[in-house]
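Please look over the structure below alongside these notes. They go point by point, and each point can be checked against the model.

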Amino acid sequence: MPTGTPPTPPRTDTSRAQPARVYDWLLGGKDNYPVDEAVGRKLPPQAKDAARQNRAFMHRAAAWLADQGVDQFLDIGTGIPTEPNLHQIVQRVVPEARIVYVDNDPIVLRHAEALLVSSPEGSTDYVQADVRDPAAILRHARNVLDFSRPVALSLIALLHFLPDDQDPQGIVRELVDALPPGSHLVLSHAASDLHADLARQVTEEYARAGIRLGFRTHAEVARFFDGLDLVEPGLVTAPEWFRDEPAPPAEDSGIYAGVARVPAGGAAA
């Protein structure tokens, strides 16, 4: 069941594009505005593929973790609800699972009730917060999740919205350091070294809308997993990541994806 009622949403700014709304447009959603659509239409066609691949990776990773018995999830950068949402996937396998959703976009808060429709046995919660304040996120999450047991931390298509001067490595380290052994980090990230021309085009179009991006190389994305045990098949493109299921159709991708486990001694420094 929901743990609480979302607060009254602040006024949505429709004069500037927002990442969650552009992503919603790329996925074919309706919760976006002309300013967001304008950005989406200027992106290369592969951007829609990337959004779909991100979503499919999240579905596969969440289902696999639930199959492993993981029953606590902290999903930061949730985005506008698109069924099936993470809690729906997880609670099909583990009905008592607890999920905390986090996003900083007011429009996501407007749709938070859809994220709070939990199974009767489990619970969901939503907090409007920014990943750049991990301490606040962890404070809230501890009200719902038991950090003495494994937690899956989900950062899907989020970190490339944090350029290096915003210290994404330090943010991820603070979040991962709070996780007990047996927890997992689930991460997808836009690549700068797979299709450099397309990456440059996407970065420039978002910049024109006032949204800074920090696409990264395979080696740079791999650093987010330092001290963790990468789950097979390792850090690969999103369509290449799968576990106990048939392989997804092979397709080109500019998205890296991986899942890693916090070892018994905790994440190494």
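**Notes on the predicted model**

1. Serine 253 lies in the loop that runs between strand S7 (236–237) and strand S8 (255–261). Helices (H or I, at least four residues) and strands (E, at least two) are DSSP runs, numbered from the N terminus. This is a predicted model, in which local features need pLDDT of at least 70 and side-chain atom pairs count only at pLDDT 80 or more, while totals for chains, interfaces and linings use all residues. Residues are numbered from 1 along each chain as its sequence is written, and side-chain values use heavy atoms, with hydrogens and water left out.

2. Is serine 253 buried or exposed? Serine 253 has a relative accessible area of 5%, so it is buried. Buried means under 20% relative accessible area, exposed over 50%, and partly exposed in between (1.4 Å probe, protein chains only).

3. The side chain of serine 253 makes a polar contact with the side chain of glutamine 53, at 2.7 Å. The side chain of serine 253 also reaches the backbone nitrogen of isoleucine 255 at 3.1 Å. A polar contact is a pair of N or O atoms within 3.5 Å; within protein, one must be able to donate a hydrogen and the other to accept it, and residues adjacent in sequence count only if both atoms are side-chain atoms. Leaving out residues up to four places away in sequence, serine 253 touches Gln53, Leu194, His195, Thr237, Ala238 and Pro239. Contact means heavy atoms within 4.5 Å.

4. How do helix H1 (residues 19–26) and helix H3 (residues 46–67) cross? Their axes come within 9 Å and cross at roughly 95°. The axes are lines fitted to C-alpha atoms, for helices over the stretch in contact, and angles run from 0 to 180 degrees between N-to-C directions. H1 and H3 are therefore roughly perpendicular to each other, a term for angles of 65 to 115 degrees. On the H1 side, Tyr23, Trp25 and Leu26 meet Ala47, Lys48, Ala51, Asn54 and Arg55 of H3. The residues of this contact divide into five nonpolar, one polar and two charged. Here Ala, Val, Leu, Ile, Met, Phe, Trp, Tyr, Cys and Pro count as nonpolar, Asp, Glu, Lys and Arg as charged, and the others, Gly among them, as polar.

5. Arginine 16 is placed in the segment before H1. Its relative accessibility is 45%, so arginine 16 counts as partly exposed. Arginine 16 and aspartate 36 are 20 residues apart along the chain, and their C-alpha atoms are separated by 7.6 Å.

6. Two cis peptide bonds deserve a look. One runs from glutamate 83 to proline 84, with omega near -5°; proline 84 is in the loop between strand S1 (72–76) and helix H4 (86–93). Another joins glutamate 232 and proline 233, with omega about 15°; proline 233 is in the loop between strand S6 (229–230) and S7.

7. Alanine 157 is not a glycine, yet has a positive phi of about 50°. Alanine 157 sits in the loop between strand S4 (152–156) and helix H8 (168–177), and is buried, with a relative accessible area of 12%.

8. As for the whole protein, there are ten helices and eight strands. Buried residues make up 51% of the 269 residues.

Conventions
Angles under 35 degrees count as roughly parallel, over 145 as roughly antiparallel, 65 to 115 as roughly perpendicular and the rest as oblique.
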